[in-house]
Amino acid sequence: MLQSSPPHESQWSPAVPTQRSSKDLAGPWHSEAACRRDEAGLFFAPSQEPTAARLSREQAAKSVCARCPVLLECREHALLQPEPYGVWGGLTAAERRVVLSRRRRRDAAAGGRPADISRIA
Ligand code: SF4
């Protein structure tokens, strides 16, 4: 069981995806998150945020993610959950939808077998 709450925890879903194994649950990725030390407001949009402000905020959030030691773990969490809002693992919600769509196409092309996710951004 995790000792602390995850970074910028979404109110929409549990902190830990059900798809993660018990080995993953013991992992330290939440406690190592760079965003634990940064303004949580960077990662989720306030209501009615103008486009220019959103782009600027998302870029700032991504710059935090870029130096995060658990970027890949966070990204997989957000893709598997899936997290519908916010920047997770250096990707916006729209970017995650693109990655998931690519994965579904690759899975379909592979005859329904899940693609090797370690080879997909
Ligand atoms: S990758 Fe980004 S959103 Fe995920 S834990 Fe790290 S800083 Fe937070």
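This is a predicted model: local features need pLDDT of at least 70, side-chain atom pairs count only at pLDDT 80 or more; totals for chains, interfaces and linings use all residues.

User: Great. At what angle do helix 3 and helix 4 cross?

Analyst: Helix 3 covers residues 71-80 and helix 4 covers residues 93-109; their axes come within 10 Å and cross at roughly 75°. That angle falls between 65 and 115 degrees, so helix 3 is roughly perpendicular to helix 4.

User: Which residues meet there?

Analyst: From helix 3 you have E76, A78 and L79, and they meet R96, V99, L100 and R103 of helix 4. By type, the contact of helix 3 with helix 4 has 4 nonpolar residues, 3 charged and no polar.

User: Let's stay on helix 4. Which of its residues are buried?

Analyst: A93, R96, V99, L100 and R103 are the buried ones. They cover an arc of only 115° around the axis, so they sit on the same side of helix 4. An α-helix has 3.6 residues a turn, so residues three or four places apart point the same way. The buried residues of helix 4 pack against helix 3.

User: And which residues are exposed on the other side of helix 4?

Analyst: There you'll find R97, R105, A108 and A109 exposed.

User: What span should helix 4 have, going by its 17 residues?

Analyst: At 1.5 Å a residue it should span 24 Å, and the end C-alpha atoms of helix 4 are 24 Å apart, which agrees. After helix 4 comes G111, with a positive phi near 80°.

User: What does R96 touch?

Analyst: Leaving out residues up to four places away in sequence, R96 touches A78, L79, E83, P84, Y85, G86, V87, W88 and L91. As for E76, its C-alpha atom is 9.8 Å from that of R96, with the two residues 20 apart along the chain.

User: Switching topic: which residues does the cis peptide bond join?

Analyst: The cis bond joins Q81 and P82, with omega about -20°. P82 lies in the loop between helix 3 and helix 4.

User: One last thing: where is Q48, and is Q48 buried or exposed?

Analyst: Q48 is in the loop between helix 1 (22-25) and helix 2 (51-66). With 80% relative accessibility, Q48 counts as exposed. Its phi is near 55°, a positive value in a residue other than glycine.

Conventions:
Residues are numbered from 1 along each chain as its sequence is written. Side-chain values use heavy atoms; hydrogens and water are left out. Axes are lines fitted to C-alpha atoms, for helices over the stretch in contact, and angles run from 0 to 180 degrees between N-to-C directions. Helices (H or I, at least four residues) and strands (E, at least two) are DSSP runs, numbered from the N terminus. Angles under 35 degrees count as roughly parallel, over 145 as roughly antiparallel, 65 to 115 as roughly perpendicular and the rest as oblique. Contact means heavy atoms within 4.5 Å. Ala, Val, Leu, Ile, Met, Phe, Trp, Tyr, Cys and Pro count as nonpolar, Asp, Glu, Lys and Arg as charged, and the others, Gly among them, as polar. The expected span of a helix is 1.5 Å times one less than its number of residues. Buried means under 20% relative accessible area, exposed over 50%, partly exposed in between (1.4 Å probe, protein chains only). The arc is that of the directions from the helix axis to the C-beta atoms.
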